Amino acid sequence: MANSSETTRKGNALMELRKPSILLCAIATLASCGLGVFQASANAATRATSPFAAQATSYQNSVIVKALANSPTGIRVSPSEVKWDNGDVVMNVPAGPDYSSPPCPSTLTSHWTCVYNNTNWNGTQLEFKDVGIYQDLYAYGGSGWRTDSFDNELNNRTWLNQYENHSHSGISYCMSPNAISSDSIGSWSPDRWIYISPNNQGC
């Protein structure tokens with residue numbers, strides 16, 4: 001029969017043998033937890049968009065995914081629509097790039113200016129209504145955004161500006177109040193900024 005000191009030495013030796021196994025198990029558990037957290041986040045993101053993504057075309061999903069990557073505070077409210085800033089900025093994406101978007105909103109209580117990245121009011125529609133501030137078209141439509149047609153339902157002069165500076169706005173385009181254009185293509189089409197002026201005079 002082994003004495004107590006021999007038993008202790010064997011116990012210590014066994015514990016030393018087990019340490020690497022314990023460490024490996026701990027690492028494996030942490031890795032599993034990390035993957036679990038990542039997977040949970042991914043699943044949450046999928047759940048947030050999948051009810052609409054499943055009903056949308058691949059074009060709509062592609063445009064909206066990019067828009068939300070550019071401006072993550074947006075909320076997808078339908079297969080084709082995203083809203084930012086409590087609904088003060090709205091994007092509508094038709095089934096394809098050559099399809100028409102909904103009419104620019106104009107009611108007794110709410111008016112908007114809408115710009116489109118295709119002629120004849122086709123393609124992606126961005127809606128704005130806040131007066132007196134510069135708003136970044138690239139933040140919603142991406143750096144390749146072009147304004148190729150517009151519908152200004154506001155009683156305000158609205159500008160497309162190259163720079164965020166109304167005194168030195170670079171290449172610009174003026175939209176008169178309550179004006180529309182099915183083809184506004186020009187050197188200003190890639191302008192980054194939209195500015196709804198307090199001025200209600202024509203251009």
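**View 1. The disulfide between C104 and C114.** In this predicted model, C104 and C114 are joined by a disulfide, with 2.1 Å between their sulfur atoms. The link of C104 and C114 is right-handed, with 85 degrees about the S-S bond. C104 sits in the loop between β3 (89–92) and β4 (113–116), while C114 belongs to strand β4, so the bond ties together parts that are 10 residues apart in sequence.

View 2. C104 counts as buried because its relative accessibility is 7%. C114 is also buried, at 0% relative accessibility.

**View 3. The disulfide between C174 and C203.** Here C174 is joined to C203, with an S to S distance of 1.8 Å. The torsion about the S-S bond of C174 and C203 is about -75 degrees, so this disulfide is left-handed. C174 lies in strand β9 (residues 172–175) and C203 in the segment after β11 (193–196), so the pair connects parts that are 29 residues apart in sequence. C174 counts as buried at 19% relative accessibility, under the 20% cut-off, whereas C203 is exposed, with a relative accessible area of 53%.

**View 4. The protein around the disulfides.** Stepping back, the count comes to 2 disulfides, and the bonded cysteines, numbered in sequence order, pair as 1-2, 3-4. The protein has 3 helices and 11 strands, running α-α-β-β-β-β-β-β-α-β-β-β-β-β from the N terminus on. Of its 203 residues, 36% are buried. Among contacts between residues at least 6 apart in sequence, 61% join residues at least 24 apart.

Conventions
Residues numbered from 1 in each chain as written. Predicted model: local features only at pLDDT ≥ 70, side-chain atom pairs only at ≥ 80, totals over all residues. Heavy atoms only, no water. Helix = DSSP H or I, 4+ residues; strand = E, 2+ residues; numbered from the N terminus. Buried < 20%, exposed > 50% of the residue type's maximum accessible area, 1.4 Å probe, protein only. Contact = heavy atoms within 4.5 Å. Disulfide = S-S within 2.5 Å.
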